[in-house]
Amino acid sequence: MDNINSILSLSPVMPVLTINKLDKVEYLFDALLEGGLKTVEITLRTSCALEVIEKISKEYPSLKIGAGTVLNNENLQSVKDAGATFAVSPGSTLSLGKKAIEMKIPFLPGISNSSDIMNLINLDYKFFKFFPAQAAGGIEYLKSLSGPFPEIMFCPTGGITQENANKWLSQKNVICVGGSWIVPSQINDYNEIRKRALLASNLSN
Ligand code: 3PG
């Protein structure tokens, strides 16, 4: 089993994808791979999300497929059954934290404050999604968290852009950043997506 540390270390940027149709979905993943990205978060916000995860996990073994917007144990089971390599949640509950360990699926819980982190460090979680990063306090807030939690690493998501990603990535407690800017819902131009992926994968973490 991959661990979350090695998965998140693969690329400086993890695109957050909300995919509305299964048709021609390969074009999107080809563009992301050609752009050099190796991890993705496919959110469970659309009715075809699980089918996309199932298809892409089979067809793109070199890509680490994360399932996002995992809100409860049932979601966790479905994404594991669909073949996701790892799961991501916007929040952290003890129940999800324990279930992911029991199911042996790498898991990135979401946090936005110290209490959220403390909920899960007793279960040995050391990697969290900081969400919604910009709205919850931005870089200054994240810097402050390194005081009480020097060993905890974050993937900030929410409000990250190509322009501000470098600032986030230069923080010592940031392992990678996540964001929807590489594949915004209104863009179907795969050349543009390839270009955005290339720019993102050339950032350094
Ligand atoms: C997420 O689910 O992680 C966010 O919706 C991504 O936030 P962004 O759209 O601001 O990148």
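**Figure 1. Helix α2 passes helix α9 in a right-handed crossing.** The model shown here and in the following views is predicted. The axes of α2 and α9 (residues 190-201) cross at roughly 30° and come within 7 Å. On the α2 side the contact is made by Y27, L28, A31, L32 and E34, and on the α9 side by Y190, I193, R194, A197 and L198. Eight of the contact residues are nonpolar and two are charged, with no polar residue in the set.

**Figure 2. Helix α2 also meets helix α3, again in a right-handed crossing.** Here the axes of α2 (residues 25-34) and α3 (residues 49-59) come within 11 Å, and the crossing angle is roughly 50°. From α2, the residues V25, E26 and F29 take part; they meet V52, K55, I56 and E59 of α3. This contact divides into four nonpolar and three charged residues, and no polar ones.

**Figure 3. Helix α3 packs against helix α4 through L50, I53, E54 and S57.** Their partners in α4 are S78, V79 and A82. The axes of α3 and α4 (residues 73-82) come within 8 Å and cross at roughly 30°. Four nonpolar residues, two polar residues and one charged residue make up the contact of α3 with α4.

**Figure 4. E59 lies in helix α3.** E59 is among the α3 residues that meet α2. Its relative accessibility is 41%, so E59 counts as partly exposed. N188 is 129 residues away from E59 in sequence, and the C-alpha atoms of E59 and N188 are 21 Å apart in space.

**Figure 5. Helix α6 has buried residues at D116, I117 and L120.** The helix spans residues 114-121.

**Figure 6. The peptide bond from F131 to P132 is cis.** Its omega is near -10°. P132 is located in the loop between β7 and α7. Most peptide bonds are trans.

**Figure 7. K24, which is not a glycine, has a positive phi.** The phi value of K24 is near 60°. K24 belongs to the loop between β1 (13-17) and α2. With a relative accessibility of 45%, K24 counts as partly exposed. Most residues other than glycine have a negative phi.

**Figure 8. D124 has a positive phi although it is not a glycine.** For D124 the angle is about 80°. The loop between α6 and β7 holds D124. D124 is exposed, with a relative accessible area of 58%.

Note on methods
Residues numbered from 1 in each chain as written. Predicted model: local features only at pLDDT ≥ 70, side-chain atom pairs only at ≥ 80, totals over all residues. Heavy atoms only, no water. Axes fitted to C-alpha atoms, helices over the stretch in contact; angles between N-to-C directions. Helix = DSSP H or I, 4+ residues; strand = E, 2+ residues; numbered from the N terminus. Left-handed = near helix turned anticlockwise from the far one by under 90°. Contact = heavy atoms within 4.5 Å. Nonpolar A, V, L, I, M, F, W, Y, C, P; charged D, E, K, R; others polar. Buried < 20%, exposed > 50% of the residue type's maximum accessible area, 1.4 Å probe, protein only.
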